[in-house]
Amino acid sequence: MTYHGSVLKKSGALLLTGAVMVTTWGGASVQLASAGAATPSSKTTVAVTAAGKAPVTSAAFIEAMEEAATLAGVPFSMDELSGKTIQRKDAALALQTWLKLESTTEPFKDVPDQSSFAGAIGALNTAGLMKGYTDSLFLPNAVLTENDVAILKDRIYNYIKPFVLEEATITDLQAAMTQGKLTSKELVQMYLDRIEKYDDQGVSINSILTVNPEALELAQALDEERAAQGARGPLHGIPVLVKDNFDTNDMPTTAGCICLKDSVPAQDAEQVKKLKEAGAIILGKTNLHEFAFGITTSSSLGGQTLNPYALDHYPGGSSGGTGAAIASNFAAAGMGTDTGGSIRIPSSFNSLVGIRPTIGLSSREGIIPLALTQDVGGPMARTVSDAAIMLDATAGYDKDDVATAYAVGKIPSSYTDFLDVNGLKGARIGVATELIPSTKAEEKAVADVINNAVKELKSLGATAVPISIPNLDEINKYPSLSGYEFKFQLNDYLESLGEEAPYHSLSEIIASGEFDKTQEQSMKTRDARETLETTEYKDIVLKRTQITREALLKVMADNNLDAIVYPTSTQAAAVIGEGQNSGGNNRLSPFSGFPAITVPAGFTTEGLPVGIEFLGRAFDEGTLIKLAYSYEQGTHHRQAPKLTP
């Protein structure tokens, strides 16, 4: 912004004395001529120099708007406008009439409330079609240029184009509901139709265990609330899916096991409760690897979930039902749990974004445990922005999960504030080269994608620093704690269900025979563990955590890193019936408690999705979201599966 003449600032307003203020709006150079000291107003004389872009005639403006309508396939009607050129106030009036926008108040100092165009400017500003030059200036008399009209044409097209469900973001869905193109009830029905078409029959992805029978009624109530009071926030009326180890008080919570098929908890899991309070609709519960034991997503209750990108391949796990469902556009977003890699692996295998939060950022209360020392619940979505919105809704303190006390004071007002398209510029990213193996053919396919992703990080402004993680071999020798804690924590969970619990211990479940028999030996081994009061267990809890944290913090400090990257899984989705290996990369986050986010990095030559994982310091999810969003927006690797169009 350039000022010629004497410029005084008084009470936040710019007072122009005896000269002009020169700046740009929409690519045009705008001069506000001012006689004496005065704040800009609707009477200010405005002269526009094109800066290489000529002023647009009224006829050309109308023609551009007609083209936008034609592209969107909607009717167009606009009266001829007086004058050869068109000013912003006249464009606002014409667009308000055509789009039938309700007049609203506007915040601009240079638009008198009594003026004939004030309501139109307010309407266009509210709709996001014509914003102010600043928060307080609109420049109603500025003449539109070619560049201005091109911007308007694009915005108008996106505003009027018919709603398309597939790949719609949460922001898209909210915009469609705000514009009256869609109701939440209609949206729920659209997703239910897709579930019936692609999950229950057709390609039969087999990702959903239970559909909420009250989903349409809930949507109707939220539509009525929106009409009366406005939206609660970005998740108002948005259908989401949750992994079926999150307690829901209106649907069974089964962990995929026949033994719990009729178990309906009295209370929602804390994260489910938060989602409902935010206005989200729990559309249904997704299949998982039974009790979250593995990474291929098969259960006695739900059977084998398929990968929508290749039906003969695994979807990853243990949150594979959520992964396959969200990839297939069965809901706006979903929730998974992660003890070793169970959010990130299926997100990688389904071209999704998955966030494993810092332990303590979000409550685990009401989630059927696998190993609470490592367990977290977190979002799985098609975009980083949607994952950030879900994280906003689910993070926070819970008196029933003491780990969340560590997060107090460390949660930003919104993780969406970190959605910076230029977030990689100037960032220093550690590339854990030893975590990018390529000795086997299936590993090389992933390594090729990740090595290309590192080049993309550089092209987007980051400095890629090859690193070696200290004590990595020692860290990898430690086991997951799921083999130690599961029995005791599952028994505690079953006890919390009260007298209505179908079984009261892991021993009773094993005796019943109502579980996936392929897991029988694993369950018996866990059930045989008599106590956690052993030196071996305490050594893992204390030493493993300390060694992993110190190794990661040291390498990040030594190299001044913002994050570390590596392949989420060293192998892409395997063929069903063959062994699925993910490597040990996904252990760094749960062993340290630090957050990680996986983002689509591309596809193998066989068309299988690959994810790149960003790992950061404790409670630094914001930085990871910033980096991941910048990478996502700079590459757009996410593709919807062709099998579920």
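## Surroundings of Gly602

Leaving out residues up to four places away in sequence, Gly602 touches Val449, Leu608, Pro609, Val610 and His637. Gly602 belongs to strand 16, which covers residues 596-603. The structure is a predicted model. With a relative accessibility of 8%, Gly602 counts as buried, because the cut-off for buried is under 20%.

Gly602 and Leu152 are separated by 450 residues in sequence. Their C-alpha atoms are 33 Å apart in space.

## Packing of helix 1 and helix 4

Leu152 is one of the residues of helix 4 in contact with helix 1. Helix 1 spans residues 58-72 and helix 4 spans residues 146-160. The two pack at an angle of about 30°, and their axes are 9 Å apart. Angles under 35 degrees count as roughly parallel, and helix 1 and helix 4 are therefore roughly parallel to each other. Their crossing is right-handed.

On the side of helix 1, the contact is made by Phe61, Ala64, Met65, Glu67, Ala68, Ala69, Leu71 and Ala72. Helix 4 contributes Val149, Leu152, Lys153, Ile156, Tyr157 and Ile160. Of the residues in this contact, 12 are nonpolar, two are charged and none is polar.

Arg638 is found in the segment after helix 19 (621-635). Its relative accessible area is 17%, so Arg638 is buried.

The side chain of Arg638 makes a polar contact of 2.8 Å with the side chain of Tyr309. The Arg638 side chain also reaches the backbone oxygen of Ser351, at 3.0 Å. Setting aside neighbours within four places in sequence, the residues in contact with Arg638 are Glu167, Tyr309, Ile326, Ala327, Asn329, Asn350, Ser351, Leu352, Arg382 and Pro600.

## Backbone geometry in loops

Lys100 sits in the loop between helix 2 (88-99) and helix 3 (118-126), while Phe619 sits in the loop between strand 17 (609-615) and helix 19. Lys100 counts as exposed, with 73% relative accessibility, whereas Phe619 counts as buried, at 15%.

A cis peptide bond is present between Gly317 and Ser318, with omega of about 10°. Ser318 is placed in the loop between strand 9 (303-304) and helix 9 (320-327).

Conventions:
Residues are numbered from 1 along each chain as its sequence is written. This is a predicted model: local features need pLDDT of at least 70, side-chain atom pairs count only at pLDDT 80 or more; totals for chains, interfaces and linings use all residues. Side-chain values use heavy atoms; hydrogens and water are left out. Helices (H or I, at least four residues) and strands (E, at least two) are DSSP runs, numbered from the N terminus. Buried means under 20% relative accessible area, exposed over 50%, partly exposed in between (1.4 Å probe, protein chains only). A polar contact is a pair of N or O atoms within 3.5 Å; within protein, one must be able to donate a hydrogen and the other to accept it, and residues adjacent in sequence count only if both atoms are side-chain atoms. Contact means heavy atoms within 4.5 Å. Axes are lines fitted to C-alpha atoms, for helices over the stretch in contact, and angles run from 0 to 180 degrees between N-to-C directions. Angles under 35 degrees count as roughly parallel, over 145 as roughly antiparallel, 65 to 115 as roughly perpendicular and the rest as oblique. A crossing is left-handed if the near helix is turned anticlockwise from the far one by less than a right angle, and right-handed if clockwise. Ala, Val, Leu, Ile, Met, Phe, Trp, Tyr, Cys and Pro count as nonpolar, Asp, Glu, Lys and Arg as charged, and the others, Gly among them, as polar.
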